[in-house]
Amino acid sequence: MGKIYEEIDENLKAWIQQQPMWFVATAPLSAQGHVNLSPRGLDSFSILGPNRVAWVDYTGSGVETIAHLRENGRICLLFNSFDQRPRIVRLHGQGTVHIPGDRVFEEVVALHPKNLGTRAVIEVEVTRISDSCGWGVPQMELTGERETMNLWAQKKGEAGLEEYRGQKNSLSIDGLPGMPASM
């Protein structure tokens, strides 16, 4: 059933935008390094062109995606339907990290609800688009979005978030550089 697409056309764009979550996979160059796979969600994903996507990246307990992209740029996004029609779509490409003050950061952040926990924008130049059946994926029902991320960021405040990023987001688990010390 798998198909390769040249670009994100209107039908594929509409399907991707309907998915409430997706997964991001990256890896360091070192064979001893850790592969990272992270779920993403909330109103943070944008399709900026037929081969260009981006999302607002929130402060988290780690910084693997950012560190891996700064080292080598390789990334794969996986969108998966959990409704009646099974489908999986993968976007492979080269990712770039944008921090506050960058043009792309400002462009993408403006498309989504304001969130104090925003630390970066990840932009991906998509080089391969494919889909597959997803027949083995269970059907599930979305009951709602979590407010935890935004509430946590508000409780920390800007100074607390900067301190947290300095402690938790400056290096990956493999010691690769993550977020700059001060934004």
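1. In this predicted model, Ile122 has a relative accessible area of 0% and is therefore classed as buried. The residue belongs to strand S8, and, once residues up to four places away in sequence are set aside, Ile122 touches Val53, Ala54, Trp55, Asp57, Ile66, Leu69, Ile75, Thr96 and Val97. Val104, which is 18 residues from Ile122 in sequence, lies 9.0 Å from it in space, taken from C-alpha to C-alpha.

2. Glu123 is likewise found in strand S8, which spans residues 118-132. Its relative accessibility is 10%, and because buried means under 20%, Glu123 also counts as buried. The side chain of this glutamate, Glu123, makes a polar contact with the side chain of His98, at 2.7 Å. Beyond its neighbours within four places in sequence, Glu123 is in contact with a set of residues that includes His98 together with Arg52, Val53, Ala54, Gln94, Gly95, Thr96 and Val104.

3. A separate point concerns the largest pocket, for which the computed volume is about 1000 Å³. Its lining comprises 36 residues, and those closest to the pocket centre are Met21, Pro39, Arg40, Gly41 and Leu42.

4. As to where this lining comes from, at least two residues each are supplied by strand S3 (36-40), strand S5 (52-58), helix H2 (64-71) and helix H4 (148-168). Sorted by class, the lining of the largest pocket holds 15 polar, 13 nonpolar and eight charged residues.

Note on methods: Residues numbered from 1 in each chain as written. Predicted model: local features only at pLDDT ≥ 70, side-chain atom pairs only at ≥ 80, totals over all residues. Heavy atoms only, no water. 1 Å grid on protein atoms, 1.4 Å probe; cavity = no way out; pocket = protein on both sides within 12 Å on 5 of 7 lines; lining within 4 Å. Points joined across faces, edges and corners; volume = space filled by probe spheres on them. Helix = DSSP H or I, 4+ residues; strand = E, 2+ residues; numbered from the N terminus. Nonpolar A, V, L, I, M, F, W, Y, C, P; charged D, E, K, R; others polar. Buried < 20%, exposed > 50% of the residue type's maximum accessible area, 1.4 Å probe, protein only. Polar contact = N/O pair within 3.5 Å; in protein donor to acceptor, adjacent residues only side chain to side chain. Contact = heavy atoms within 4.5 Å.
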